[in-house]
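Take a look before reading on.

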Amino acid sequence: MTMQHAMPSEQQAKTQILVRLFLSIGVLPILLVVALILFSVLSDNFFTFGNIANVLRQTSYLTIVALGQMIVMLTAGFDLSVGSTLAVTSVTSALGMAGMAAAYPDQPWLAIAVGVPIGFLCGLALGVVNGLGVALLGVSPFIVTLGMASVGFCAALYLTSGTPVRGIPYEFADTFGSGGFWGLKAPVWVALILAIAVYVLLNWTRLGRHFYAVGGNLKAAALSGVHTRLTLFLAYAVCAGLTSIAGLLLTARMETGEANIGTSMPLQSIAACVIAGVSLRGGTGNVPYVVLGAVFFGVIENGMNVSGVSSYLQIGVTGAILVFAAVADEFRRRLIGRKTL
Amino acid sequence: MIAPSSDAIAQQPGAVPTSGAGTLLIETKGLSKHYPGVDALVDVDFDLRPGEVHALFGENGAGKSTLISILAGANTPTRGEIRFRGEPLTLADVGAARARGISAVFQEFSLVPQLTVAENLFLGDEPVRRGFLDRRNELQRARALLERLGFPLEADRRVQTLSRAEQQMVEIAKAFRGDLSVLILDEPTASLTERETESLFALIRQAKARGVGIIYITHRMVELRRIADRVTVLRDGRKVGLVDAQAADEATLIQMMSGRPISQVFPKVNYAPARTLLSIERLTTADNNVRDVSLEVRAGEIVGIAGLVGCGKSETARACYGLARVAKGRVMFDGRDVTGWKTRRMLDAGFSYLPPDRHKEGLVLARSAIENTSLPALHLPQFSGNIFLKRRQEKDTVSRLATQLKLHPLDLQREMGAFSGGNQQKVLIAKMLTRDVKLFVFDEPTVGVDVSTRVAIYRLIADLCEAGAGVLLISSDLPEVLHLCNRAYVMFRGAVQVELQGSQITEDRVLSHFFERAA
């Protein structure tokens, strides 16, 4: 408005379009496009089908965890124990499979059928405790999930004495780790299916609606007859369930059960959600953006690798982008707020 | 469909219907609610007949909210019995109340801002088909409901983009969603325009005709006469009387409500208007909540600003105090142009503002009375040396103020959250008195305080005025403005509607400017 005199009208129209684009879709898609173009220019190897498929596979685990993290964040909480959930799932499922495989060496699928549920349920158990602590006892999500992160990590280390669990059937790794079709690996397909499932859950079921309502205004939800405690509990349980699936896929990928596979996952998953516009105060966020958020971090990491950016620098760049995105999002919210008035 | 006897027969073939007209919808006996340190409700007998509007009248903190929250299932009584259509009733939660057709519209909105109007209307009772939300059906039913009620709202708008009045409509529509037998309305007209109020009253009359019983909380005498049948007056958690709404007059009701004659509630003030302290000239704020407002306050007078919630009365003072951005206009204070000054500078200049929400904006609840009181003046030489705080002087000053204001208990180290509402308010006022102040701006100074504190606050305001300070009293409590001020402005939608002087300040005249003029 203040630049009216200085700027020629054509350029003004262009900035108007950019501003409107920014207001309607947010900063993330713009950042993603910029990153894709930038890395394509910097490296010939970046924008190839092989590399993109690779990026997708690398980010599929983060995507799945971020979907769970998002559900918890919708209810105005967060889950710091997703890393430990990955570890517990990985270690327990690997122990189960290795044990069965040792007993029945010629029946690998039996071992898988035993080990996978064990891992899933052990991971889920962490979420159940989180959910009980937050929903029933009313302890802050920060404390409960931080505590459970330590407990889970401890359990995973204790069970394995800190060494990788070997002896997983080859078929498990082959099917869920490196298997796949149409050029995409199994975890990418699983992530895609889960993203669609979470999308349906959040947009087309009562439970999903209640996640938003509980995070948007807990009291209002309670006064409307929503079972707020059950809803909160289920948020943590679903998050742990999704995270456990990611843990199983990671175990297949690495062909071993590892206690320290998820140490960076809590902050990464929260970052992927925040950059996707999921509010830390609860009540806002949607699935496509969270998927984009997770993929964006994968693109940045991969792009910097193939363009030869030093790994020390990478950490700083990622952090700076996150802060920039959060600031831009706040700015956007204010602009929108001003327009509706 | 609401007629109680036929309903009972239809739903429970075995049940014996109680004899027609005499059936009470709701009856409470000895209903009590005890919180640690407070008796919010003591032995209240209350009843509601089908097809009547039963008003609850009383000050903030008298127990009205506690009573309705218990009846709506949002709160459980410590003692006492509730009967619903003659049957004993225990309500586990709001859902249980709603299942019996008891719906409440609370003053504090129970809406989820991030959801749309339709989503809010059906929250907790979403239409589902084969396990999935039937969003089209939800939208259609929401539109039909809004149309039936005559509310001009778009069903797919997000609630956070709606105005306060529009949000109020969503709340009311929510209550009308299912089969209704008891409707509880907590000051429903507080943010509605006159036309919206009219359509609400029409809805209430329709509901009455269908046998719905309505519990109606209001502060406005005019509404009692217009819409209520019976009035129950509460004071300090107790029922003090049940009167016929048509027969009740203002003086009687105020006397019942406060427990003393009106002349003892409001002090007689000797105004001595002197030089102009605050002069606001054509002020418009950046957020447009205040538009082209001009007013002035002199030393030695009490000037009131009345109006609905969100009419800009609070925002006007806040803009002067550096809490809202000024877009146009000028603010003169004590002979200086102070437009756009920051809060700290305004305080130093002698402008003190009492915020309306003591929990959100007024007090640090986890800290002591002494720390709270000295906070605005902590950086001044009286409390601060070059390096260290002068804690002895701090204690002396605060202790003097606390004694003067009769803080109870007189324990300066006690943390603020442990004091009652009235005593928290006293500390909030003590904060203003730690410094040299020329103009006191009180924004809702008596919200949620008991009668004796209220009387003390009025006395203090009168004393400040008589001592030569200027007082600006912003209030939604109409009697306060009527009885304390020598001049008053009435605001509507961000603009000053009228300025009234002395004997012109009557309830009818003030209220006639509360709303939009008829088009």
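What follows begins with a sheet and ends with a pair of domains.

This is a predicted model: local features need pLDDT of at least 70, side-chain atom pairs count only at pLDDT 80 or more, and totals for chains, interfaces and linings use all residues. Residues are numbered from 1 along each chain as its sequence is written, while chains are lettered from A and ligands numbered from 1 in the order in which they are written.

Start with the sheet in chain B. It is open, has 6 strands in the order β6-β9-β10-β3-β11-β12, and its pairing is mixed. Strands are DSSP runs of E, at least two residues, and helices are runs of H or I, at least four, both numbered from the N terminus. Two strands pair if DSSP finds at least two bridges between them. The edge strands, β6 (102-105) and β12 (238-244) of chain B, each pair on one side only. From one strand to the next, the twist averages 20 degrees.

Now look at β3 (53-57) and β10 (213-217) of chain B. They pair in the parallel sense over 4 bridges. His54(B) stands opposite Ile215(B) in β10(B).

Next, the domains of chain B. Domain 1 covers 266-350 + 436-519, and domain 2 covers 361-435. These bounds come from an automatic or database domain assignment. The C-alpha centres of the two domains lie 25 Å apart. Across the boundary, 11 residues of domain 1 of chain B are in contact with 9 residues of domain 2 of chain B. Contact means that C-beta atoms, placed from the backbone, lie within 7 Å. On the domain 1 side, the largest share, 4 residues, comes from helix α17 (451-466) of chain B.

Notes
Two residues are in contact if their C-beta atoms, placed from the backbone, lie within 7 Å. Axes are lines fitted to C-alpha atoms, for helices over the stretch in contact, and angles run from 0 to 180 degrees between N-to-C directions.
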